[in-house]
Amino acid sequence: MGFFAGCLILYVVGGPRVMGGDIPAWQAVLPVLVLCAATALRSTLPPVAVAVGTLTVTVETTSSGGLGPLLVYTDLLYAAALYGAPWLCRVLQVGTIAATLATTVLLVLTGDRSEGVTTGVIVALLLISPVWTGVLIRNHKERADTERQRAAQINRLAELDRKTVLQTERTRMARELHDLVANHLSAIAIHSSAVLSLTEAKGEKDGAAEEDPVLRALAVIRENSVQGLAEMRRMVVLLRSDRGVDDDWDRPQLNALGALVDQARPAADAAALTLHTEFPESFPEVSSVIEVTAYRIVQEALTNVLKHASAGRVRIRCEAGAEQLTISVDSPLTRPDGRARQRPVEQLTTGAGAGLAGMSERAALVGGIFDAGPDRTAPGRWRVRAVLPLTQNS
């Protein structure tokens with residue numbers, strides 16, 4: 001529509017003509033309509049559009065010579081050089097140069113030399129310039145596409161290298177975990193089971209009570225070592241596999257938090273700790289990453305409670321809101337008489353703070369908030385609190 005309107009304006013205001021003389025309105029409008037129709041095919045069928053445009057402009061130039069059709073024809077040449085096949089580009093380059101030289105030579109030989117050269121320059125601007133402009137832009141686009149493909153290929157190779165290095169490192173970690181930690185856990189489980197069996201047999205022979213604290217402690221050691229060994233083996237299998245972290249590999253679930261607390265009760269009873277839970281009746285549907293994060297935070301918080309908390313009541317709360325999951329574990333820092341707790345286990349298990357750092361990192365990875373420290377609202381108590389989004393941030 002823009003080309004058609006511009007050609008009509010040139011006709012109305014009396015634009016310049018290659019061939020002089022007045023022409024009827026239909027004779028001026030018809031070539032423009034044909035050329036505008038050909039522009040609809042300039043990107044899908046460039047050879048057809050150029051052929052129709054060349055024939056129309058040739059007839060128009062020899063009859064009336066309006067400038068409007070020539071301007072539309074330059075756009076057809078540009079589009080054909082840009083979108084056409086490589087053979088069409090070569091034909092247009094050679095053809096436009098040949099047509100320009102032929103026209104210039106013909107006009108110089110048959111007329112005034114200066115006027116012939118001037119006309120040749122005008123023909124070159126109308127024919128050669130759009131073609132070569134389209135070829136230059138086409139070359140730039142092809143070069144850019146080649147560079148993009150090369151960059152994509154380099155990225156794919158880099159990703160393959162990264163995955164290979166990652167898988168190699170995971171395999172090495174799995175081997176180290178199995179050879180070091182898993183073997184030690186196996187030894188603890190085997191020896192604790194053997195000692196427990198001997199102690200139980202001796203207790204039955206001597207008529208000892210079933211609620212012997214030594215037997216309870218040995219049972220807790222065996223149960224925790226066996227469960228730790230099972231989780232370690234699952235971790236080794238996960239590290240050796242090439243699956244992603246979203247795979248369902250017997251991951252911990254929020255519904256298992258109650259069982260996790262029940263598992264810690266024997267050790268808590270031995271430390272004069274009372275575990276009190278406040279869990280919702282049903283947990284909301286969350287992503288596997290959020291679920292594992294919440295479970296591990298509660299698990300590590302319970303471990304710290306058993307290692308460091310003074311005798312008293314421990315509250316484990318989990319509140320599910322509309323957009324977030326809040327986990328809170330608070331425990332006593334001092335005994336009811338105000339003195340700090342002193343137990344041999346504290347001297348044997350002086351941690352380096354890796355547990356708190358790990359919980360903080362887990363919460364941060366899913367876009368959550370974590371804090372741990374003395375509870376300002378309840379002096380003499382330690383609180384661990386994590387706020388996790390129900391949907392993982394990508």
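A disulfide is counted here where two cysteine sulfur atoms lie within 2.5 Å of each other. In this predicted model, that rule gives a count of zero disulfides. Two cysteines can still be placed by their accessibility. C89 has a relative accessibility of 7% and is buried, because the cut-off for buried is under 20%. C318 has a relative accessible area of 5%, so C318 is buried as well.

The overall make-up comes next. The protein contains eleven helices and five strands. It has 394 residues, of which 33% count as buried. Among contacts with a separation of 6 or more, 70% are between residues 24 or more positions apart.

Helix α7 covers residues 213-240 and helix α8 covers residues 257-270; their axes come within 10 Å and cross at roughly 145°. The crossing of α7 and α8 is left-handed. On the α7 side, the residues that meet α8 are V220, E223, N224 and Q227. On the α8 side, they are Q263, P266 and A267. By type, the residues of this contact comprise three nonpolar, three polar and one charged.

A38 is buried, because its relative accessibility is 5% and the limit for buried is under 20%. Setting aside neighbours within four places in sequence, A38 is in contact with A49, V52 and L76. A51 is 13 residues from A38 along the chain, and the C-alpha atoms of A38 and A51 are 9.2 Å apart.

The last feature concerns aromatic side chains. A pair of aromatic rings is described by how far apart the centres are and by the angle between the planes. The structure holds one such pair. It is formed by F279 and F283, whose ring centres are 6.2 Å apart and whose planes stand at 55°. Planes under 30 degrees apart would count as stacked and those over 60 as edge-to-face, so the pair of F279 and F283 is classed as tilted. The two residues fall into separate accessibility classes. F283, at 16% relative accessibility, is buried, whereas F279, at 25%, is partly exposed. The reason is the cut-off: buried means under 20%, and partly exposed covers the range from there up to the limit for exposed, which is over 50%.

Conventions:
Residues numbered from 1 in each chain as written. Predicted model: local features only at pLDDT ≥ 70, side-chain atom pairs only at ≥ 80, totals over all residues. Heavy atoms only, no water. Buried < 20%, exposed > 50% of the residue type's maximum accessible area, 1.4 Å probe, protein only. Axes fitted to C-alpha atoms, helices over the stretch in contact; angles between N-to-C directions. Helix = DSSP H or I, 4+ residues; strand = E, 2+ residues; numbered from the N terminus. Left-handed = near helix turned anticlockwise from the far one by under 90°. Contact = heavy atoms within 4.5 Å. Nonpolar A, V, L, I, M, F, W, Y, C, P; charged D, E, K, R; others polar. Phe/Tyr/Trp six-rings, centres within 6.5 Å; stacked < 30°, edge-to-face > 60°.
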